[in-house]
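Hello,

Here is the structure I promised to pass on.

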Amino acid sequence: MILALDSSLSKAKKICSVILRILAICAMVSAAIVMATSHEKITIFSVSFEANYSRTPAFKYFFVANIGGSVYSIVVLFLPRKTSLSRLILISDLVVTMVLTSSVSAALAVAHVGKKGNSHAGRLPICAQLHNFCNQVGGALIAAFVVMENSLCVASGLVA
């Protein structure tokens with residue numbers, strides 16, 4: 001009886017882990033696509049301004065971290081569960097989660113300066129003029145927070 005209960009709990013944990021990984025992959029790919037397509041060009045007093053994710057190193061790091069995390073998660077989905085690699089996968093999950101967290105932090109810091117500006121550094125807010133660009137960056141950051149939540153659950157071993 002107890003053995004059957006352990007078996008069903010183990011099976012439920014595996015299913016939950018796979019579902020969370022798939023959800024994280026979808027969110028990472030979505031965040032990367034939304035960030036990569038964030039582009040806006042405006043003209044003010046015959047001066048043209050262009051905002052693009054590739055002009056900001058923090059946004060590029062965010063994009064690369066999400067693509068790398070999604071590729072890693074896809075590979076892990078196809079690895080067998082009960083192998084000698086399980087500890088390595090757990091450590092790799094933690095490393096990928098930390099990289100994703102740092103990329104979200106960097107992108108969030110740049111997005112905050114873009115939205116609010118920084119009077120001490122002489123940076124003016126740009127989101128009042130570049131609505132679409134700022135909204136797309138915000139959407140990518142929201143998707144990344146979903147990724148971080150799922151990655152933390154998987155990496156902490158709650159559903160491993």
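Below is what I found in it, grouped by topic.

First, the ground rules. This is a predicted model, so please keep in mind that local features need pLDDT of at least 70, that side-chain atom pairs count only at pLDDT 80 or more, and that totals for chains, interfaces and linings use all residues. Residues are numbered from 1 along each chain as its sequence is written, and side-chain values use heavy atoms, with hydrogens and water left out.

**Helix 3**

Helices here are DSSP runs (H or I, at least four residues), numbered from the N terminus. Helix 3 covers residues 86-116, which is 31 residues. From its first C-alpha to its last it reaches 44 Å, close to the expected 45 Å; the expected span is 1.5 Å times one less than the number of residues. After the helix comes Gly117, with a positive phi near 80 degrees.

For burial I use relative accessible area: buried is under 20%, exposed is over 50%, and partly exposed lies in between (1.4 Å probe, protein chains only). The buried residues of helix 3 are Ile89, Asp93, Thr97, Leu100, Ser103, Val104, Ala107, Ala111 and Gly114.

**The nonpolar core**

What about the interior? In soluble globular proteins, nonpolar side chains tend to be buried together. A nonpolar core here is a set of buried Ala, Val, Leu, Ile, Met, Phe, Trp, Tyr and Cys residues joined through side-chain atoms within 4.5 Å. The largest one has 20 residues, and those with the most contacts inside it are Met35, Phe59, Phe62, Val104, Phe133, Val137 and Leu141. At least two residues of this core come from each of helix 1 (2-36), helix 2 (57-77), helix 3 and helix 4 (131-155). Helix 4 gives the most, with 8 residues.

Val137 belongs to helix 4 and counts as buried because its relative accessibility is 4%.

**Salt bridges**

How many salt bridges are there? The count comes to 2, where a salt bridge is a side-chain nitrogen of Lys or Arg within 4 Å of a carboxyl oxygen of Asp or Glu. One joins the side chains of Arg21 and Asp93 (2.6 Å, N to O). Arg21 lies in helix 1 and Asp93 in helix 3, so this pair ties together parts that are 72 residues apart in sequence. Both Arg21 and Asp93 are buried.

The side chains of Arg55 and Glu50 also meet in a salt bridge (3.2 Å, N to O). Here Arg55 is exposed, with a relative accessible area of 57%, and Glu50 is partly exposed, at 33%.

**Cysteines**

The structure holds 1 disulfide, meaning a pair of cysteine sulfur atoms within 2.5 Å. Cys127 and Cys134 are the partners, with an S to S distance of 2.0 Å, and both are buried. The torsion about their S-S bond is about -90 degrees, so the disulfide is left-handed. Cys26, by contrast, is in no disulfide; the nearest cysteine sulfur belongs to Cys16 and is 15 Å away. Cys26 counts as partly exposed, at 47% relative accessibility, and Cys16 counts as partly exposed at 34%.

**Two contacts across the sequence**

Ala58, in helix 2, is buried at 13% relative accessibility. Ala58 and Leu108 are 50 residues apart in sequence and 8.8 Å apart in space, C-alpha to C-alpha. Leu77 is in helix 2 and is partly exposed, with a relative accessible area of 23%. From Leu77 to Val18 the C-alpha distance is 7.1 Å, and the two are 59 residues apart in sequence.

Best wishes
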